[in-house]
Amino acid sequence: MGTIVIVLVPILLTLITNKLRDLRKKSYTRKEQHSIPPYFKLTTKIAANLTQLKAIVGESSDIIYRQFKLGMDNRNCAIVYVDGLVDQQQLHQSILHPLLHTKQSKSALHVFKTVSIKDYLLHHTIEVSSVEALKDSNKIVHQLLSGSVLLMVDGLDEILVLSVKQWLSRSLNEPITEALVRGPRLSFIENIRDNTAMLRRMTTDPNLTFTDFEVGERTRRQLTIAYVKDIANDELVGNVTKRIRDLDIDHAAESGFIEQLIEDDYLSIFPQVQATERPDRVMGAILEGRVGILLDGSSYALIVPGTFSMMLQSPEDYYERWIPMSLIRLLRYAAAFLSIFLPSFYIAFVSFHQGLIPTDLALAIAGTREGVPFPTIIEALIMEVSIELLREAGLRLPRPVGQTVGLVGALIIGEAAVQAGLVSPIMVIVVAATAIASFVSPHYGAGIALRVLRFLAMFSAAFLGLYGISLFFLALCVHAVKLRSFGVPYVTPGTLYSKDDWKDFLFRMPLFSMRNRPAEYFTKDRVRRKK
């Protein structure tokens, strides 16, 4: 019976997975670009233009309409902007003051009579560095709601868009989820231009390229991809660009939305895109030939393609000497294995394979489990679910309270459960060691995946013992080997694609020995450093 189940379950899962993928492909149709209703046609009269603009954006209290006379010939003018998104001082000094107080000198009058009103304003009056003349209503409304100032002038059938954007943003802080002992104390913030400036400060290479996109049918937030054009493979950059242009979403609230929409296999438990808040990690990745993705309003950048080895590496691996950091990296791999399989091995040995346990240890385990009313799997589930609840509670509560709840709660619950006879003391030790091992992962998304896999391994062990663990491990390996991230095998360089890439896999070899960039990215410039 067990053999039949083992054969049928993977077949059924494969059929369901393929059906879901087919449904996703059929349902994913690109909608037409959202247009601003109603479409209006610009005229040379600002009164008509203001009326049409108000019909679109409404009488919102934060949208300011200011009408005045041009200082040179008393021509009717108007500016429109969103209060709170513009620099008021620059608006007054560089726009309103020059327009209202244009000098009435002979030279100014001569220039005013010999050029068009548009050229006069652009080249002789307005003191703003970024000015654009637009006629498209969609672009005009988008620029207004993005923080630009609209200038309307009687006799001009275009609207001048003046960039004096300014909004609140938090100061630069240390990374919260990727703290290091040695390394830069700098993390991304929610302002995308500040984030690109951090990357630009790290290199003077003119080949560092930023390409901007707009995502979100209604919010239209700015998204930027970063790469080095003489290193990154053109096919990879084109693949990333195509997936971003095909995004169909009303509002991209955070880079996690982008991550879920551009990944290769949405049914996989493994994260295929690396999320980070460290600029040094992004810069190191794009110098290897990968592509960084930044979203305005998000303090997390994305790195593609993502591989499993990336999820267990830390920037600190390269800031310290290679021998100790190689051992620490190997410790991370061992911790990842233990965080998945340690409880399942305990369940398998205690429930199915008692003969494989040394006699003294078996008697000790039997003594500690005397009086426990539950089977091993229920005992493990009680403790694991309790640990997960405490972990989530610690994250959601205020930081001082959360730390207290996490530490004190685990001690109290573990001790109370043992005294009540619900779990054995050795189970508390196994669960505690597993929780500590799961914290070693430097990537939060990978840590969540390991936690989910732990429960699947526990059920496999409870069903078929070591045989179930072996089948689960083989299925996990098959899935990981088949998985791709933007065309790159997920388990590279474990697939022996290039022996040079093993210098930065399980161990981190000396920096002088890693002369070439990873081969799996097919970079244009393969050599990282000369002799």
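1. Let me start with the cysteines, and with C77 in particular: in this predicted model, C77 has a relative accessible area of 2%, so it counts as buried, under the 20% cut-off. C477 has a relative accessibility of 32% and is therefore classed as partly exposed. How many disulfides are there? The count is zero, taking a disulfide as a pair of cysteine sulfur atoms within 2.5 Å.

2. Helix α3 deserves a look while you have the model open. It spans residues 88–100, and its buried residues are L91, S94, I95, L96, P98 and L99. What do these buried residues pack against? Their partners are the strands β1 (63–69), β2 (76–82), β4 (149–153) and β5 (159–162), together with helix α5 (117–125). At the start of α3, you will also find D87, with a side-chain oxygen within 3.2 Å of the backbone nitrogen of Q89.

3. On to charged pairs. Searching the whole structure gives 18 salt bridges. One of them joins R281 and E178, whose closest N and O atoms are 3.1 Å apart. This pair links distant parts of the chain, 103 residues apart: R281 belongs to helix α10 (residues 279–286), while E178 sits in the loop between β5 and α7 (192–201). Are these two residues buried or exposed? Both R281 and E178 are buried.

4. A second pair to check is R243 with D264, a salt bridge in which the closest N and O atoms are 3.1 Å apart. D264 is at 31% relative accessibility, so it counts as partly exposed.

5. My last pair is R451 with E388, a salt bridge whose closest N and O atoms are 2.6 Å apart. R451 lies in helix α18 (residues 444–464) and E388 in helix α15 (residues 376–396), so to speak two distant parts of the chain, 63 residues apart. R451 and E388 are each buried.

6. Please view that pair in its wider setting as well. Which residues are linked with R451 and E388 in a network of salt bridges? The network also takes in E384, R391, E392 and R454.

Note on methods
Residues are numbered from 1 along each chain as its sequence is written. This is a predicted model: local features need pLDDT of at least 70, side-chain atom pairs count only at pLDDT 80 or more; totals for chains, interfaces and linings use all residues. Side-chain values use heavy atoms; hydrogens and water are left out. Buried means under 20% relative accessible area, exposed over 50%, partly exposed in between (1.4 Å probe, protein chains only). Helices (H or I, at least four residues) and strands (E, at least two) are DSSP runs, numbered from the N terminus. Contact means heavy atoms within 4.5 Å. A polar contact is a pair of N or O atoms within 3.5 Å; within protein, one must be able to donate a hydrogen and the other to accept it, and residues adjacent in sequence count only if both atoms are side-chain atoms. A salt bridge is a side-chain nitrogen of Lys or Arg within 4 Å of a carboxyl oxygen of Asp or Glu.
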